[in-house]
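Hi,

Here is the structure I promised to pass on. Have a look at it first, and then read my notes below.

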Amino acid sequence: MKRYGIYLGAALPFIPVSASAHLVSSGLGPVYDGIYHFVLSPEQFLPIMALALFAGRRGPIFARWVLFVVPLAWAAASFVGAYPWAGLEQLLVAVSFLLAGGLLAADWKLSPPLVVVVAVALGLCCGAAYRMSAEPDPPGYLAMVGGAGSIFVLLALTASAALPLRRMWTVVAIRVAGSWTAAIGLLLVGWWVHGHG
Amino acid sequence: MRGEAIGFLSGLEHPVSGLDHVIAMVAVGLWGAQLGAPAIWVLPVTFPLVMAFGGFLGLVGLPLPGPEIVIALSGVLLGAAVLLEFRPRLYLAAILVGLFGLYHGYAHGAELPPGESGLLYSLGFVLATGLLHASGITVGLIHRWPWGRQMLRLAGGGISLGGLSFLWSAL
């Protein structure tokens, strides 16, 4: 039986069948669109990175929850159709910066349910802002899969990098990063009011 | 894409374009290093937030009295604090630095160029401010050596004199 398997395996490369692995034939191009959109959008990845650092600071239980809850909330908000309050995209981005940066700077010791609530709120804010930024051509579900997958990877890498950091200067550096993130959020609120004044 | 890149670069350039701002930012770092823990880490966490709040006030157009004079005064007083190795209680140092940060942020917010990309501009602005502050702290670490202490005090005197010249111009 094993011998037949080896023969079959050796014969496979000689069967002239197209692999169709390139994006034009696989149809997975939109997944990469979603990944690139997320990676090239600081308004998306900076607050999520700040939340990942915060989750890492709080410990592995928090980080595991955040890892699954944020991409799901982001995807849910992205899937919902056009929002009636479209135009508030910049304010949603500002809120996500303020929320994640403020928590990280203050190093708040929230309970696990509260961390989940915050993570859901941030995922919803970022997902809604993503959906609004894509108008009038809403992204397909494959692009959203790419975006949610990127969020999962970013959260996993950043939170796991933050988990073992306990030295004083690393904690200060993380809190300073949070302070800078929140400061950007505060300025964005000012820009928003400035633009709507 | 071009507008966005200009947004980030203009934000990065804005805090370093005015020498009155630069000497005050660096002086805050030097003073923090002189004061040691916990000021050395409390100030960098709180300062960007207070400054951004000042920027917010400037952006929304709320009036603050005499920003140019207070900014020049910040150079004089922060430089003098470094020169004299002034060691007030932490909350007093935080209030003083916070007040000056508010005015510096306000001036930046009120002077923002129109039509820039808000997010990228803010990103560059906060990054440049934080790095100026960090450079002050890094230089201030020479405080651990006796010759370093003297050099720091000398630098404080220079900053104070620079602030005086800006104050003279503002008046």
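Let's start with one residue in chain A: Asp107(A) is buried, with a relative accessible area of 8% (buried means under 20% relative accessible area, exposed over 50%, and partly exposed in between, using a 1.4 Å probe and protein chains only). You'll find Asp107(A) in the loop between helix H6 (89-106) and H7 of chain A. Helices here are DSSP runs of H or I with at least four residues, strands are runs of E with at least two, and both are numbered from the N terminus. Asp107(A) is not a glycine, and still has a positive phi of about 55°.

Before you go on, two notes on how to read all this. This is a predicted model, where local features need pLDDT of at least 70 and side-chain atom pairs count only at pLDDT 80 or more, while totals for chains, interfaces and linings use all residues. Residues are numbered from 1 along each chain as its sequence is written, chains are lettered from A and ligands numbered from 1 in the order in which they are written, and side-chain values use heavy atoms, with hydrogens and water left out.

Glu85(B), in the loop between H4 and helix H5 (90-110) of chain B, is a residue other than glycine with a positive phi, near 50°. Glu85(B) is partly exposed, at a relative accessible area of 21%.

Now for helix packing in chain A. Helix H5 (residues 60-79) and helix H7 (residues 112-133) of chain A pack at an angle of about 30°, with their axes 7 Å apart. (Axes are lines fitted to C-alpha atoms, for helices over the stretch in contact, and angles run from 0 to 180 degrees between N-to-C directions.) That makes H5(A) roughly parallel to H7(A); the cut-offs are under 35 degrees for roughly parallel, over 145 for roughly antiparallel, 65 to 115 for roughly perpendicular, and oblique for the rest. Among the residues making the contact are Trp65(A) and Trp74(A) of H5(A) and Gly123(A) and Arg131(A) of H7(A), where contact means heavy atoms within 4.5 Å. By class, the residues of this contact are 17 nonpolar, three polar and one charged. (Ala, Val, Leu, Ile, Met, Phe, Trp, Tyr, Cys and Pro count as nonpolar, Asp, Glu, Lys and Arg as charged, and the others, Gly among them, as polar.)

H7(A) also meets helix H4 (residues 42-58) of chain A: their axes come within 10 Å and cross at roughly 170°. H4(A) and H7(A) are therefore roughly antiparallel to each other. Gln44(A) and Phe54(A) of H4(A) and Leu122(A) of H7(A) are among the residues in that contact, which has eleven nonpolar, one polar and no charged residues.

Over in chain B, how many of the 17 residues of H2(B) are buried? The count is 15, so H2(B) is largely enclosed by the rest of the structure. After H2(B) comes Gly36(B), with a positive phi near 75°. Leu30(B) sits in helix H2 of chain B and is buried, at 3% relative accessibility. Beyond four places in sequence, Leu30(B) touches residues including Val82(B), Gly136(B) and Ile159(B).

Last one: Ser74(B) is in helix H4 (residues 67-83) of chain B and is buried, with a relative accessible area of 0%. Leaving aside neighbours within four places in sequence, Ser74(B) is in contact with Ala24(B), Gly79(B), Phe100(B) and His104(B).

Cheers
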